[in-house]
Amino acid sequence: MRRLAEFAVACRERPLPAAVVADVPARVLDILGLALAAYGDPDADAAPAVLRSVRRWGGTAEATVIGSGDRLPAPAAALVNGTLAHSLDFDDTHLPSVLHPSASVVPAALATAEAAGASGAAVLAAVAAGVELTDRLGMAAYDPAIANSVFFDRGLHATSICGAIGAAAAAALLLGLDAPGVASAMGVAASMGAGLIEANRTGGTVKKMHCGWAAHAGVSAAYLAADGLTGPPTVLEGRFGFFSAYTGGRCDDNALLGDLGDRWELLRTAFKPYPSNHFTHPGIDCALALRAAGLDPSTVDWIELGVPAPTLRTIAEPAAEKVRPRSTYHGKFSGPYTVATALLGGGGLGVGLDDFTGPLDPARLALAAKVRCVPDERATAIFPHAFAAVLRVGTAGTVHEHRVDASRGSAEAPLSPADLARKFTANAARVLSPPAAEALAARATALADLPTVAALLRT
């Protein structure tokens with residue numbers, strides 16, 4: 001923990017690499033757009049429930065809830081904003097840890113910075129440190145032998161568990177804590193992180209809150225450390241520590257500590273082009289490619305979606321639930337429903353938020369019923385360093401096939417700055433006027449030059 005805390009403090013006190021300085025504002029902008037879109041989502045359920053609850057908690061008005069303008073204590077604002085940021089399953093993803101760091105770290109950093117009066121430059125450094133530490137904690141639990149995260153293999157949501165510690169580091173930096181204080185904040189947060197991923201399989205909206213709770217835990221832990229609460233120095237590697245409890249002792253020390261400060265996992269964290277579970281993205285890419293090549297969905301007899309074997313339990317099982325999801329939200333976690341959506345036409349960057357709003361589309365359900373999900377050897381070999389898939393569609397005796405070895409938005413197929421701008425504009429438009437969205441984008445892009453972040457949050 002000491003070395004991680006020293007790295008975090010170095011992010012605040014020394015110049016960051018130019019690539020990191022350029023990257024972080026885009027992540028802050030992405031989270032702001034996602035939170036606004038979720039706040040304006042007519043099907044929103046989790047975030048309004050969380051907001052109603054925290055309003056009852058009361059407390060000092062310190063930080064802003066994005067979209068609503070509510071002013072709440074910093075931990076409470078971080079809880080709501082993190083829930084908003086993760087609600088649409090549209091937030092960034094790190095590979096191969098398969099976690100979503102920014103939706104926990106950015107809300108924690110923004111809430112703490114607003115409460116503390118910290119500058120945009122301080123937020124940039126805090127987010128860089130928090131995302132990097134979150135990614136590395138997730139990477140440390142990746143097991144090549146099973147080609148999967150040990151967290152996920154055990155049904156644990158690495159995003160919220162690791163995100164609580166990364167969020168604590170970010171918040172602690174913004175409160176001005178030194179390396180021992182940052183270490184204590186992370187050590188305290190290690191007792192707070194939690195999250196189960198059963199909702200991915202069978203429903204429930206609690207997963208939307210996971211990043212919010214991680215952000216809340218991180219800010220709370222930082223304040224507790226600032227007020228004198230301490231964490232165990234061996235909280236990660238100890239007999240009853242983090243890795244022993246969560247991964248059965250599995251920890252790749254090189255993934256956690258190797259080239260720390262020189263090799264940045266943050267820069268390998270992919271922005272999402274589609275608002276659905278990331279395992280569905282290569283199938284969407286394939287379906288969009290076949291549609292662009294002229295495939296007529298009305299002529300389809302059968303569809304076979306080949307994906308990495310470890311992803312089947314998330315996007316293909318139970319089969320009855322995935323072929324006919326309970327709602328459009330649950331459709332985000334369905335290989336069959338997302339393929340049908342892409343084949344029948346979508347919005348945004350190919351498949352958009354409106355495709356998962358309102359009641360389930362009967363035409364998509366009918367097409368999804370024709371989809372059979374199978375393990376694909378090539379995609380399995382690539383996973384989880386990239387998300388690959390192959391889609392085969394049968395029409396009147398003809399088989400149409402398309403394969404992708406890395407989904408759009410990944411390091412191998414990154415979104416362009418214009419793509420990211422379009423994504424933000426479409427998301428923000430659900431709440432803001434075009435001029436207001438444009439002004440917010442300009443402020444976020446100039447994050448390093450902002451004297452405070454208050455104007456960034458009062459949209």
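Predicted model: local features only at pLDDT ≥ 70, side-chain atom pairs only at ≥ 80, totals over all residues.

Q: Fine. Which residues touch the most other members of the largest nonpolar core?

A: Val182 and Phe242 do, in a core of 144 residues. The helix that gives the most to this core is helix 8 (residues 158-174), with twelve residues.

Q: And what does Phe242 touch?

A: Setting aside residues up to four places away in sequence, Phe242 touches Leu137, Phe151, Ile161, Cys162, Ile165, Ala190, Val235, Leu236 and Thr247.

Q: Switching to annotations: what does UniProt say about residues 2-249?

A: The unreviewed entry carries the annotation "domain: MmgE/PrpD N-terminal" for residues 2-249. In the model, that stretch is 63% helix and 4% strand. Its end C-alpha atoms are 19 Å apart.

Q: Let's look at helix 3. Which of its residues are buried?

A: Ala46, Ala47, Val50, Leu51 and Val54 are buried there. Looking down the axis of helix 3, you find its buried residues within an arc of 125°, so they line one face of the helix.

Q: What does that buried set pack against?

A: The buried residues of helix 3 pack against strand 2 (71-72) and helix 4 (74-87).

Q: How does the span of helix 3 compare with what 1.5 Å a residue should give?

A: It agrees: helix 3 (residues 46-57) has twelve residues, which should span 16 Å, and its end C-alpha atoms are 17 Å apart.

Q: What comes after helix 3?

A: Gly58 follows helix 3, and its phi is positive, near 70°.

Q: How about helix 6, what's its reach?

A: Helix 6 (residues 120-140) reaches 30 Å from its first C-alpha to its last, with 21 residues. That is close to the 30 Å expected at 1.5 Å a residue.

Q: Is helix 6 mostly covered or mostly open?

A: Helix 6 is mostly covered, with 19 of its 21 residues buried.

Q: Buried or exposed?

A: Glu114 counts as buried, because its relative accessibility is 11% and the cut-off for buried is under 20%.

Q: Which residues is Glu114 in contact with?

A: Leaving out neighbours within four places in sequence, Glu114 is in contact with Glu62, Ala63, Thr64, Arg71, Val453, Ala454, Leu457 and Arg458.

Q: OK, and where is Asp41?

A: Asp41 is in the loop between helix 2 (18-39) and helix 3. Asp41 is buried too, at 16% relative accessible area. Apart from neighbours within four places in sequence, Asp41 is in contact with Leu88 and Thr357.

Q: How far is Asp41 from Ala342?

A: Their C-alpha atoms are separated by 21 Å, and the two residues are 301 residues apart along the chain.

Q: Cysteines next. How many disulfides are there?

A: Zero, searching the whole structure. Take Cys211: the nearest cysteine sulfur is that of Cys162, 11 Å away, and Cys211 is in no disulfide. Cys286 is in no disulfide either, and the nearest sulfur there, from Cys373, is 12 Å away.

Q: Are those two buried or exposed?

A: Cys211 is buried, with a relative accessible area of 0%. Cys286 counts as buried as well, at 0% relative accessibility.

Q: Onto the backbone. Which proline has a cis peptide bond with Leu95?

A: Pro96: the bond from Leu95 to Pro96 is cis, with omega near 5°. Pro96 is in the loop between strand 3 (93-94) and helix 5. The bond from Phe383 to Pro384 is also cis, with omega near -5°. You'll find Pro384 in the loop between helix 20 (377-382) and strand 9 (389-395).

Q: What's the phi of Asp89?

A: Near 50°, a positive value in a residue other than glycine. Asp89 is in the loop between helix 4 and strand 3, and is buried at 2% relative accessible area.

Q: And what about the phi of Ala396?

A: Ala396 also has a positive phi, near 50°. Ala396 lies in the loop between strand 9 and strand 10 (398-404), and counts as exposed at 72% relative accessibility.

Notes: Residues numbered from 1 in each chain as written. Heavy atoms only, no water. Core = buried A, V, L, I, M, F, W, Y, C linked by side-chain atoms within 4.5 Å. Buried < 20%, exposed > 50% of the residue type's maximum accessible area, 1.4 Å probe, protein only. Helix = DSSP H or I, 4+ residues; strand = E, 2+ residues; numbered from the N terminus. Contact = heavy atoms within 4.5 Å. Expected span 1.5 Å × (residues − 1). Arc of directions from axis to C-beta. UniProt positions renumbered as here; feature names shortened; annotations may be inferred. Disulfide = S-S within 2.5 Å.
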